[in-house]
Structures are given as structure tokens and as C-alpha cells.
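Thanks for taking a look at this one with me.

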Amino acid sequence: MSARTYRYIGTRPIRHDGLDKVTGRANYGADFTLPGLLQGVVVRSPHAHARIVSIETQAAEAVPGVKAVITGKDIPETSARLALGAEGAFDLHDIGDNLMAHGKALYEGHAVAAVAATSIDAAREAAKLVRVVYEPLEPVMSIERAIAPDAPILHADMVTKGRPLPGTTGPTNIAGRMELKRGDVDQAFAGADVVVEREFRTSTVHQGYIEPHACVARSGEDGQILVWCSTQGGFIARDFCALILGIDAARIKVIPSEIGGGFGGKIPVYLEPVAIVLSHKAGRPVKMVMSRSEVFRASGPTSGTRIRMKLGAKRDGTIVAAQASLWYEAGAYRGSPSGAGAMCCLASYAIPNFFVEAHDVVVNKPKVAAYRAPGSPMATFATESLVDEVARAIGMDPIELRLKNAVAEGDHAPYGPVYGPIGLKQVLEAARAHPHWSAPLGPSQGRGVACGFWFNAGLSSSATVTLNGDGSAGVVTGNPDIGGTRVAQAMMVAEELGIPVERVRPSVADTDTAGYTDLTGGSRVCYATGMAVIRAAQDIAEQLRSRAATIWNVDRDRVAWEPGRPGRVIALDESPDGSVRPPLTIVELASKMAQTGGPIVGRAAVNAPMAGPGFAAHICDLDVDKETGRSTVARYTAIQDVGKAVHPSFVEGQMQGGAAQGIGWALNEEYIYDADGVMENAGFLDYRMPVASDLPMIDTVLVEVANPLHPYGVRGVGEVPIVPPLAAVANAMRDATGVRFTELPLSPSRVLEGLGTIAKG
Amino acid sequence: MAIVHFSSNLSQYTGGLETVSIEASRVGELLRALEQRFPDLSGHLESVAVAIDGVIYNDATYQSIPPDSEIHLLPPVSGG
Amino acid sequence: MLSIRYEAPRSIAEAIHLLASDPGAHVLAGGTDLLVQFRAGAKQPSAFIDVKRIPDLVGISLDTNGLRLGAATPAAAICEHAELGRLWPGLVEAVHLIGSAQIQGRGSVGGNLCNASPAADTTSALIADRAECVIAGPGGERVVPAERFCTGPGTTILRRDELLVAVVLPRPPARTADAYFRLIPRSEMDIAVAGAGASVTLDASGTCTAARVAVGAVAPTALLVDAAGQALIGTRLDEATLSLAAAAASAAARPISDKRGTAAYRRHVVGVLAKRAIVSAAARARER
């Protein structure tokens, strides 16, 4: 693998979808329209926690132009709690109840009814006239409240899954608990020279994708359903709709639009089944587009957390013990990424003794969705802050300390399996060697470093490669292109067939056209779908050997494929007259397809194992105004083991984007609720994601430790980069101010509170 | 013989046993053998991911298990 | 079903008449606040009275007495006016902080005043610069100081049939300059958590002979902090004096805790900003 030299892999061609995107021609979820289109609007609960006493829809139905009004009664309340393949966490009952409340509204913004009308104004007016009588209940807005003995219980039938706390009986808000352990923690702490322990908190944060959820659904008289939507996976959207509505997957065709960001938040369905039901009832197609406020209040952010963690180390820097108690808010239904947090938080270090417990706690906030390395950033914030504390306590360089404890091939991950070839040590060495690490700091600046880990998924993918008569090719897959995967797939076909990238047309296909493919997520597309694409292209090469054998009238095994530019087939033997057969190029063979047996279509499908662990280290310089508490990222460098960068620009873009989101999480992003559990900052003005001018150019260093599971050595790269920034920023804040901050975000007022300038409030 | 390591969540169903040697050539066979040996595990292995010598598989019922493999059973994780 | 009238009068008199004859009518200038509030359902006017076609409301005129800013003059025109930037750099900085480039192409200083947000960046700067508001009504014009224009969040002294026509500023005397500072957690695209404007006049020896300090986002309206200005007069703006002025600004603040910051934070940071604005204004004044 390492010996292979590439023609196209590792180059930076222009993405095929680039021009349409920068000129505004690309079609996103809200761009689609149909004749007779109705506009759908969702009626949402103003209460964070309330029993729904009654819903009256007559007044809404009487509004001129209104064609359908639905409530929870129209969304089947399935008792099935079916897991879907590898996405084991999905619970159909909960998804259905989240789409439209059946008995209780469980968060402010929870859908309780929906209206479709001939105009958006009519739909909005009708929505106001849907009369819902609520019996408000006490909202449960924090982990402390949720686990208090007298806390209101969100779900009367909820029991703790996994390994319940001893003595847990009866209904609870603790939806799940898991433990990870190794060695003897108590003894190890007793023998440690340095023990640091703190409690950390992070706020509920949103992925903040620019494009809101949007879809058009058409339910035909013949029972055939078409859905155009912005989703991370056409097939997962189709299967969710089919399972929730109890209809055959074959009756639903999902056509994914271009997607303006997802980061995990566009894996669930929020609008699509509602639009299908409205369309079915109205007999006309229905369009639904969320406002930004709806996106914040009613799609899936990620968990607010409370984490207590303790590390013990020897004076020489060896970390000998770790103990952690993780509490993650799940939102209104079970399923926070607390387990992933537990599995990730110690994954960077070979620690002989640890005990980690992780709790999944329901609260009256929107149900969390995946968000880029779900669960890892918060727990890693705790770990990497404490590793920084250990380094300070024993007077050791923080990169040296990390290198001393870093995992390498042959070590066991804290969640069990042995690590294959991984690149954490190489990443840390690259960080230490980077000029950033030794650059002088300004007087008001501090520097922090932190590591991060993510698993990277595998899962199922299909690909089809078709050869055109002129020797160009098309590649069709079913993954919506979020991070530049189309051009990467074209590059793989180009590499295998020896034709220029520009002669390969990559397409994202609908669910009728592509073979089944799992979602775009888990950093899996370039790896797993890429594997299918490579094999489909190799399938073409194999067929070209057969076609050449036909032309030469020899056995196929006397013909070899020679990847070159262009790829060509060579005969291993001379012709009967003793002459050397000139090679046949892919272009020549393509022109003879019909004569040699018909079209040439390559296919492949894989269920790929998980893509191999990804590790990163980030260095952050923070400039802190100690009079105002306001801080600015002055310099930032992201270093990551990416396996093999197929298109380095998009790998760098993933690293920069993940860093930007992590910096926002660290500095200013948070859901702010009033005393009644109503979100106060459901918009980009007051939900303060970084804007372009808030960030310096984020420098990137790609470390390539090949992943043996992939023919080119590709690893997942998209999620790891959001893991280190929380602690990298907090460690820089500690360096600049002398104060250890354990609660995010590090907003200006929190910083002045921490510095003792102002009272907490 | 493959050595199977149980997470703390699963060892509550194995009487606290953390590792066990099992003869099995494929993953599905292994999971069935485990359920036979530890009936309380039934229902808790449906959606596990299986790591064989460090490589983590999902839906790997027919994945073959080399002799003397190290097996870990994990909750499935995909990502964002 | 939703019907709304749009009127584009060509004269102040016509606009006044339209306002007087329809209690639900609302003046529309750039619309950068109003249309957002309208779409969010916070304001439901029966008519938009677009004042951008009234010649007296759009334009910048500068003479020996001072400046007259048409109330609907877009912020971008102010930012691009070289002479304004030289005479009132603090005011122009405040205008330049409004929204984004696109917003500045529509939004106006008059609109910023009439929207009456306690956090409006231009209001504190205008108060520091001794600005006055020219108001037209059925009975003619009246003029009020900028610090008296807003009466609370979203409310002004304008009667229903009155229109803000212009903002006038006296030409700054020799060795006089202004500055405006605000605190936002981000670098742009945000609303002030606190803001402070200052205007400082120095004599030839560097002693302060006149000063005004105004603060924003720390009370229901932007405030003129007399005590802060008075603390500066007769001094050479030494560190102790600056701290006194900062303390006066903090003391004048009556902030609330909300999603943008706590009361304690705002009270503290408005003092920091006031001090920075005074220092910056004084540095500019010394160069004149």
C-alpha cells in the first residue's frame, strides 16, 4: 500500500458541484417546487412540559385555502421499538412521538399539529387557530433536577437501560447507564503522586448548519410517494418514513437535494413523514421548510453535560488512574451520546486503571441528534483539561506528557479492542515540531493544546460505475455530498481506470437509482462508499480484460490490466503469427463495447468494518482582554492523522470546519432558557456561532498513517477535528489568565466571574 | 478458541465473568454459543458491534473468526 | 387575507397626513428592524409609510454650523463620507457597527433612533456628540436633544402623527473629538452587550474643558452620564480621573440580566468601555 504511487489521489481537482454551488444554481431542500404545491406549517408547543388535554382543529380547517390539518392522531403511534441495522440507537416509537406529540409535549417547540394550505399566509393563520389545551407540568431543564428524588418523570414507562445504578426501581429520568473499567482504580489513585479532580459542564449546543430542514412530499392516488428533502441519507429518510407510517419502502422514493450542512443533525426525520401525511390527506404535494427558530427549538442539538473526572499520575508523567462520571442530557427521549463519550474520553492514553460511568438523562429539551463525533468533545474537554492540570502539577511540557501516555498500535482501547496502526504519536510529534508550538506569545495571550479521538464508522455502501462509449465514465452512489465526496469518488474511479478526473461524472442518486447506502455520517463516505467505488471501478477493469480476450480470441487469464494513463489491457502472449499485440486502451475498448458484449457496468457493495481510529491534536493561542473577559483566537493549528488524504483541500476543510465549530462551542455557543424552559436565543443573532472574522486562518497539518482496512489507507476525517478544540481553548484560557475554567462556554461574563472581577449571576 | 471480553454492561449477565473462551468459527455462531452459556445475555446481543482482533464489525453475523481471536462486544457507534 | 398598504409620500406634510389618518400606520425607513419585527409577528402595521422618497429625509449636509443628517440617510452613505469620518470619527464608527454591509445599505441613523433599542450603537454616540432630533408634526417642527428622544425599549417621544426628519450635530470646536466602543462577544454581526460614547474637548495644554459620556444597553434607554463628563473637566485625564469617570458610568447603569449578559457584567464593562472611549476621544482631540 505504501509503495503505491498515485496519479490522482492526493491531488486537488475542482469539485464537480463547485460552480453550481458558488453561483447559487445548486438546488437545496427549499428550492424544489411542483404544480399545485401546498405550504405546510407545524403548530408547536409553547410549553416545555405539558399534558395535551385536547386539540380542536375546526377553526383552522375553516380558513380559506386550508386543505389538511393533522395532529398526533394522524401519525401512527407505533409500539415498535425497532433498531435499524447498525444505527441501533433509533427507537421508532420515540421518533414518531417526536414528529408529533401524542400525549405530552416534551419540549418547547414540540410539534402538536400541522396545517397545509394553498399559501404560507393561510397555513400560518390556520396554525394560529388550532386550539390546543395544555395542562402545563414542571419543566425538567437540568440533570440535577432530572435525577432529584421528587423530579417530574418525563416518561412513566422509562427504566434505565444498560447497567442501572444499584437500587434503581420504578420510573426514572435516567434512560441509560454504562460502565467501562480496567484494573484497580482505588489502589492506583492511592499510589499516584499527583491527583487532579474537577467537575466540568458544557451547554446544549446546535450543529448550526446553514440550510434549515426542508422537504416536498407528494403522496399519489396510486399510493406512490415521492419525497424531495435535505437529508444526510436518502435511504435512511426513506426507511424512517416507511417504518413510521407502516408502508413498504418500495412505495417511497426519496430524492436527496444538495445539502447545506448536517453534521449529524440531518440524520433524523422531522418534516418528511408529516409532509407525506399532509399530502395524503390533501391530495396535493406539500412543502415544509423550517425557520431558523424552528431548527433551534425542534431539531436535534447535542447534549448539555455535567462530568466529574479524576486523573492520577506519577511524578514522571505516567498517568496511572482515571475515574469519570458522565451525565449527558438526552433531551426529551432517550439516546444521548453518553456511551460514546465514555468510550472516547480516555481513548488517547494507555491508562492501566480506570472506571468510567456514563448516564443518559432525559430533560425537557429537544431530543438530541448526532453532532460530529457525538459525545466525544464534552468528555474529552474534561480529560484534556485535567491532562493539562497534571502537566502543570508536575512541571512537564503538555505535549511531552501526552506523548509519554499516548496510545500506539498494540495498546488496547479503553472500550476493549486492540488498536491497529494509529497515528497519535506521529500527530503529537508533528505538533511539537510545528513552529506554532515554539512561537512567542503576546502579553495577554495563552496557549493550549489538546488531543481528540473518534472511531469513524464503516457501514453499508453501494456504487455503480458506467463506462461511456468515448471512454469517459460515470459513478453513481447514494450519499448526499456534504464534504466533497463526489469529487473524491470521481478521483478514485480516475485512479483505478487511468482516465482524467474531469472525464468522470459523479452523481448522488435517489433511492430508486442507487444501491442501498447508509447515511452520509460517521466520517464514513470517503472510506466505505469509496471502497465500493474502487471495487466497482476494478469490476470495470476486470470486464475490460474479458472484452480484450474476446477481441484477441485468447483466454481471459492471458490478458492483464495495466493501470496507466489511460488504463489499458495488455496481452501476456504474442499473437499466433508471432507479432506483439499492441495494448488496447480503455478508450479503444469502450468504443467496441457493443461488438464485444454490450455495455460495461461495474458494481460493488460493501459492509465495511469501522474505519480505523482517528486522532488529532490542536494548538490554540487565545488573546484574553482581562478587563472585559472577551477573548479572541489569535492562532490555531490542527494536526490530524487522516490515513490518506484523497483530496487534501477537503480534508483540510473538514479539519478547519470542525475546529471552527469546536471553538464556537468553547467560547460563546449555548442554548439559553428562561425559567419556564422556553429557549431565549433561537436565532443566529444570540446563539453566537463564530463568524468568519472571529477566527484566524486555521493552519492544518495532515499526518498520513495508512489505514490497513482501506485500499488507499483512507481513514475517516470529518469528526475528529471537533473533539480537541473545547479543551485546547480552555487550556489556552488557563494559560492566559491563571484560572482553570471548567464550564463552557467561556463567554465574557463567565470569564470575568472566573477572574473574580464581578459577582456570579 | 476465541477469547471473548465482556464489557461491564454485559458482565452483569455473565455472573460477573469478564472473559470466556468460546469455540466458534463465525460471529453468529459465537453469539448463539454465548447465549447458551449465559442465558441472561439473551436480548442484549442483538445490536452489538463485534471487534475481532481490533477490527470492529456491524451486522457481522457471517464474519469468520480466526482461531485464537480476541473478541470484544461493543455498543454500536456510527457518528454525525 | 393578509393585506397591508404601502405608501411612499414625497413630502413631510404628506407623510404626516398619512400617519395622522391611520393609527395603524408605521414609518418605514431602511426596514432593517421593522421588517424583521413584522415577519416575526411582533409588529402588525396596517400600512408602511416609506419615507425614503422624501428629499428632506435623505442626505447629508455639512456647513460651518454643523451637520444635518436626513433621518432616512442610509448608514453606508455616512460611512463613505470622508468629512464626517474626520469630524465625528466616533459617530461614524458607531454607524459602521450596525449590522453588515448589506444592512448598512438600507439601515439609517434615524431608523436606529426610532427603533429605540437600548443597545443601539448610534444613540450613545449621538448623545455624546450633542445631537438634536428634528421632529415634524401637524403643528410644525420641534427639536429635542438625542438623550431625550427614546423613552424606553421600543418607545420614543414621537407622537403617532410625528416624524423624525433629521438629526443635527453642532460642529465640534477645536481640539474636540469623539469615540464609541461597544462590547460584543463576537467581532461583528452582534448586538451590544454594553456600549459607551464620549466626546472630549481639550485646551492647548491638554486640560479637558468639556466632555460628554453616554452609555448604551445598560438601562431602558441610552443615557447621558453627566457625572462622568463632569469628572473629566479641568483634569488632564490622568488614570485616577479616568477611573472616576468609569465608576460614574457604572454607577449610572441600571442594567438587566438577559441572554446577552448579566447585570453585574454590564455594569462593570460599561465602565471599561467608557474609559476606553474617553482615552480614544482624547487622543484624537490632541491630534487636532
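**Notes on the model**

1. A:Pro745 sits in the loop between helix H20 (725-737) and helix H21 (748-754) of chain A. Helices (H or I, at least four residues) and strands (E, at least two) are DSSP runs, numbered from the N terminus. The peptide bond that joins A:Leu744 and A:Pro745 is cis, with omega about 0 degrees.

2. A word on conventions: this is a predicted model, in which local features need pLDDT of at least 70 and side-chain atom pairs count only at pLDDT 80 or more, while totals for chains, interfaces and linings use all residues. Residues are numbered from 1 along each chain as its sequence is written, and chains are lettered from A and ligands numbered from 1 in the order in which they are written.

3. A:Ser523, in the loop between strand S20 (504-508) and helix H16 (525-552) of chain A, has phi near 55 degrees, a positive value in a residue other than glycine. A:Ser523 counts as buried because it has 30 C-beta neighbours inside 10 Å; the cut-offs are 20 or more other C-beta atoms within 10 Å for buried, 12 or fewer for exposed, and partly exposed in between, with C-beta atoms placed from the backbone.

4. C:Leu237 lies in the loop between helix H9 (226-232) and helix H10 (239-252) of chain C. With 24 other C-beta atoms within 10 Å, C:Leu237 is buried.

5. Chain A has an open sheet of three strands in the order S4-S2-S6, with antiparallel pairing; two strands pair if DSSP finds at least two bridges between them. Strand S4 (104-105) and strand S6 (131-136) of chain A are the edge strands, each pairing on one side only. Strand S2 (residues 50-56) of chain A pairs with S6(A) over six bridges, and two bridges join S2(A) to S4(A). A:Ala50 has A:Pro136 as its bridge partner in S6(A) and A:Ala105 as its bridge partner in S4(A).

6. How do H11(A) and H12(A) pack? Helix H11 (residues 376-394) and helix H12 (residues 398-405) of chain A meet at an angle of about 110 degrees, and their axes are 9 Å apart. Here axes are lines fitted to C-alpha atoms, for helices over the stretch in contact, and angles run from 0 to 180 degrees between N-to-C directions. H11(A) is therefore roughly perpendicular to H12(A), a label for angles of 65 to 115 degrees. The contact involves A:Val387, A:Asp388, A:Val390 and A:Ala391 of H11(A), together with A:Pro398, A:Leu401 and A:Arg402 of H12(A). By class, these residues are five nonpolar, no polar and two charged. Ala, Val, Leu, Ile, Met, Phe, Trp, Tyr, Cys and Pro count as nonpolar, Asp, Glu, Lys and Arg as charged, and the others, Gly among them, as polar.

7. Of the two pairs of chains that touch, chains A and B have the most contacts; residues are in contact if their C-beta atoms, placed from the backbone, lie within 7 Å. No contact joins chain B and chain C, and their closest C-alpha atoms are 27 Å apart.

Technical notes:
Angles under 35 degrees count as roughly parallel, over 145 as roughly antiparallel, 65 to 115 as roughly perpendicular and the rest as oblique.
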